Amino acid sequence: MARLIKSCAPGDDTQIRCARRSHIRAHQGTLRAINGRNHLTMSFGARPRAVLASLGAVAMALAGAATPANAVDGTLTPPTHLFNEYRHCATDAQQPSYRWAREGLLVEGIPGVTEATGGARVSVRYQVWPVADPSKITTVTRDHASPGFEAPATLPASAFVDGQSYAWQARTVVGDAVSDWSAPCYVTVDNSRPANAPSITSSNYEAETWNEGGEPVEFTLGANGVDDVEGFEFSWQQTLPVIGTSIGDHGIPQPVDPYADTKYFKRANALGGSTTLSLVPPTGSGPMTLWVRSLDRAYNGSGIARYDFQVNSTAPTISPAVPEPEFGQLTEFTLSPDPELQAKSPVVSYSVKTIGSQEDRTFDVTARPDGTATVELTLDDLYSEHLQVRSRSGNGWVSDAAWWGISFDTTPDVSSVTYPENRSGGGIGVPGTFTFTPKVKDVVSFTYSFNNGDPEVTVPVGTDHTASIDWSPATDGWHDLTVYATTRSGLQLAPYDYFFTVN
């Protein structure tokens, strides 16, 4: 299963720091000079457990002491699957990879050795040098590497100068045996975030004022004088997405081009240039803010700029066929578009959501050429029911929601001459008649119970759609009668509590 390494846009304090830094440094060894040359070597122990979680028991088994080189079975080959900062190695010196290296440069590769090492310790040695001065070499060795898995190490920050280009390569080491060096990978160090936040303008939605909605917002993003801006990151949320890399099997990074995610990223038309966006706001009306920052070639992020504007409502109209629809009856509703919205881009469909019905649901309705649509609904909530409707235009605009609602009283009317509601009457053993009358259509029975403890009794309605019962109290004082109706379809309606006092 792939796991995600979150790598921030370095230098941006608003983002999570690149998590990989601690993966290596917790186990780094000591520095030592070799033969008095301008040459730096670092030795690393076993990878921290958090990094090796995907390596399993193989890595643990290979963490033992070194054995003679003649135990190696087969010829060593240069490491493969070379990455720097979880990004592909760039083998063209004219097109280097731009990377942030203020805390060092993470490099990695899979050692070129089979499993048959005879127990010999496997290592990967990395060396880096400035392209302008190949004699100034820094070497780092990753000990206890696992055959078949990435062996990361960090080239120290002291080996790099901001703005300069470097080449690095790797070789496999088993005991005293070494492979050839891999082909060089080229990196240009960029430890500086863009100095200025981007510029943001819109040709059709004026900033800091109310605008008529109905069409996508046309934005122009500019580098604002920063000549190494490669692209832009944007969102309707203040917290911008983190640029991350998934780690697959054998610890192999799976980098992707962030600009492939057109929901949040857009490449500039040239280095230090600009780009345009056509975006539909996340909600149909109200205050809107687009948040944007520039990214250089190392994905260093600039400060964040914002564009604030407001959008007037474009909600549709909901019109029932009758002013006061009845409970349980099939009712037709007409959905009509906002006129200005319809003029900009005709409505093609509506999203309808029922709230409070026996089975709440959301569904789409296709609009006619004039932008209207009809929908039939049975209003069957015991208390109240609401509709939420949004329109969708041909240009992708989604309106804010229109609301329609109605309340129903589905409780029965209960009456008694002998024992009037909320009053006293009758007496112990004095019979009283209670009449139940429905407030909605299609009721077939009533169910009642006295004093919240007696068994429920169901009685059918008569030809006049009412029902009556006779009851004699066994005790005086306060009493409660609970009654509810049931429809022909079996729907149990809301209960009513009838309170009275027996003399």
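Modeller: What follows is a set of questions about the labels used for this predicted model.

Colleague: How many helices and strands does the protein have?

Modeller: The protein has three helices and 38 strands. Of its 503 residues, 50% count as buried. The protein exposes about 23,300 Å², and carbon and sulfur atoms supply 50% of that area.

Colleague: How do you know that Cys89 and Cys185 are joined by a disulfide?

Modeller: The cut-off is a pair of cysteine sulfur atoms within 2.5 Å. For Cys89 and Cys185 the S to S distance is 2.0 Å, so the pair counts as a disulfide. By this rule the count for the protein comes to one disulfide. In general, a disulfide is a covalent bond between the sulfur atoms of two cysteines.

Colleague: Which parts of the chain does the pair link?

Modeller: The pair links distant parts, 96 residues apart. Cys89 lies in the loop between β5 (87–88) and β6 (97–99), and Cys185 lies in strand β13 (residues 185–189). The link of Cys89 and Cys185 is left-handed, with -100 degrees about the S-S bond.

Colleague: Why is Cys89 called buried?

Modeller: Buried means under 20% relative accessible area. Cys89 has 19%, so Cys89 counts as buried. Cys185 has 0%, so Cys185 is buried as well.

Colleague: How do you know which residues Thr378 touches?

Modeller: A contact needs heavy atoms within 4.5 Å. Leaving aside residues up to four places away in sequence, Thr378 touches Gly328, Gln329, Leu330 and Glu385. Gln329 is 49 residues from Thr378 along the chain, and their C-alpha atoms are separated by 5.4 Å.

Colleague: What makes β34 and β37 a pair of strands?

Modeller: Pairing takes at least two bridges between two strands. Seven bridges join β34 (residues 443–450) to β37 (residues 477–487), so the two pair, and they run antiparallel. Phe450 stands opposite Leu481 in β37.

Colleague: In which sheet do β34 and β37 lie, and what is its order?

Modeller: They lie in an open sheet of five strands with mixed pairing, in the order β32-β38-β37-β34-β35. β32 (424–425) and β35 (457–460) each have a single partner strand, so they stand at the edges, and one side of each is left without a neighbour in the sheet.

Notes:
Residues are numbered from 1 along each chain as its sequence is written. This is a predicted model: local features need pLDDT of at least 70, side-chain atom pairs count only at pLDDT 80 or more; totals for chains, interfaces and linings use all residues. Side-chain values use heavy atoms; hydrogens and water are left out. Helices (H or I, at least four residues) and strands (E, at least two) are DSSP runs, numbered from the N terminus. Buried means under 20% relative accessible area, exposed over 50%, partly exposed in between (1.4 Å probe, protein chains only). Accessible areas come from the Shrake-Rupley method with a 1.4 Å probe; for residues, only the protein chains shown count as cover.
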